[in-house]
Amino acid sequence: MAVADVDLTDRIARLERKYRLAMVAATASAVCALVAIIGASSGRAVAAPTAAGGAAITDMLRVRELNVVDPNGVTRVKIAAPLPNAVVDGRTLTRGSRPQDTVSGMLLFDAEGVERSGYATSDHGYSNVMFTLDDKTRQHALFIAEPTGATTLRLFNGDTKDRVNLSISKDGPSISMMRRGEEIYRFPPKP
């Protein structure tokens with residue numbers, strides 16, 4: 001096997017590991033949302049006590065926004081329809097390509113209140129479902145499921161302009177890699 005093939009095989013193996021990690025993180029986010037909703041509804045909702053005299057049970061909680069805070073009062077989980085715009089380094093950023101674009105879903109924040117992850121769906125137009133993983137100032141992983149069934153996992157580094165795209169659609173799978181903003185690999189090749 002040629003050296004380039006070994007290098008490519010290693011890169012694909014690393015990409016597969018990152019994909020599995022993203023899937024675990026997405027599952028963990030969904031579990032966190034469920035726990036947050038159950039916790040909020042069981043601890044603060046007003047409902048009739050159960051027949052056995054136990055804790056009250058609420059059949060439905062209907063809100064536009066739910067914030068789960070830590071012991072210091074810092075919002076750690078926000079579930080909202082729609083989610084507010086992102087604030088990065090004091091700048092307000094829209095969550096779509098146009099100012100009127102909005103998304104609804106869940107955001108995770110670190111102990112400092114910095115947004116670090118999101119799981120959302122577009123409110124208008126093309127209804128993608130998205131999962132993101134962020135550092136303190138930039139997005140580094142984006143997992144998109146389109147309503148047509150196409151799916152893309154994108155890993156990127158804004159500082160170096162390195163990026164890996166792994167996609168599948170009705171046309172089949174594709175992978176591309178960029179280093180320092182220049183495409184270094186694409187399969188299948190562009191026609």
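Which element gives the most to the lining of the second largest pocket? Helix 1 does, with four residues.

## Ground rules

This is a predicted model, so to speak of local features takes a pLDDT of at least 70, and side-chain atom pairs count only at pLDDT 80 or more, while totals for chains, interfaces and linings use all residues. Residues are numbered from 1 along each chain as its sequence is written, and side-chain values use heavy atoms, with hydrogens and water left out.

Helices (H or I, at least four residues) and strands (E, at least two) are DSSP runs, numbered from the N terminus.

An open sheet is built from 10 strands in the order 1-2-5-6-7-8-9-10-11-12, with antiparallel pairing; two strands pair if DSSP finds at least two bridges between them. Strand 1 (65-69) and strand 12 (182-187) sit at the edges with a single partner strand each, so one side of each has no neighbour in the sheet. From one strand to the next the twist averages 10°, using axes that are lines fitted to C-alpha atoms (for helices over the stretch in contact) and angles that run from 0 to 180 degrees between N-to-C directions.

## Two pockets

On a 1 Å grid over the protein atoms alone, a pocket is an open set of points with protein on both sides within 12 Å along at least five of seven lines, whereas a cavity is a set where a 1.4 Å probe fits but cannot get out; lining residues have an atom within 4 Å of a point. Grid points are joined across faces, edges and corners, and a volume is the space filled by probe spheres set on the points. The largest pocket holds about 750 Å³ of space. Its lining takes in 32 residues, and Ala 86, Arg 95, Glu 115, Asp 134 and Gln 139 are the closest to its centre. Strand 3 (86-88), strand 5, strand 6, strand 7 (129-134) and strand 8 (139-145) each put at least two residues into that lining. Sorted by class, the lining has 17 nonpolar, eight polar and seven charged residues (Ala, Val, Leu, Ile, Met, Phe, Trp, Tyr, Cys and Pro count as nonpolar, Asp, Glu, Lys and Arg as charged, and the others, Gly among them, as polar).

Now back to the opening pocket. The second largest pocket has about 390 Å³ of space and 15 lining residues, with Arg 14, Lys 18, Asp 162, Val 164 and Arg 179 nearest its centre. Helix 1 (3-44), strand 9 (151-157), strand 10 (162-169) and strand 11 (172-179) each give two or more residues to this lining. By class, seven are nonpolar, two polar and six charged.

## Salt bridges

A salt bridge here is a side-chain nitrogen of Lys or Arg within 4 Å of a carboxyl oxygen of Asp or Glu, and the count is 10. Arg 95 and Glu 115 form one at 2.8 Å, N to O. Arg 95 lies in the loop between strand 4 (91-93) and strand 5 (103-109), and Glu 115 is in strand 6 (residues 115-122), so the pair ties together parts 20 residues apart in sequence. Glu 115 is buried at 18% relative accessibility, while Arg 95 is partly exposed at 22% (buried means under 20% relative accessible area, exposed over 50%, partly exposed in between, with a 1.4 Å probe and protein chains only).

Asp 110 and Arg 116 make another, at 3.7 Å, N to O. Shared partners join Asp 110, Glu 112, Arg 116 and Lys 136 into one salt-bridge network.
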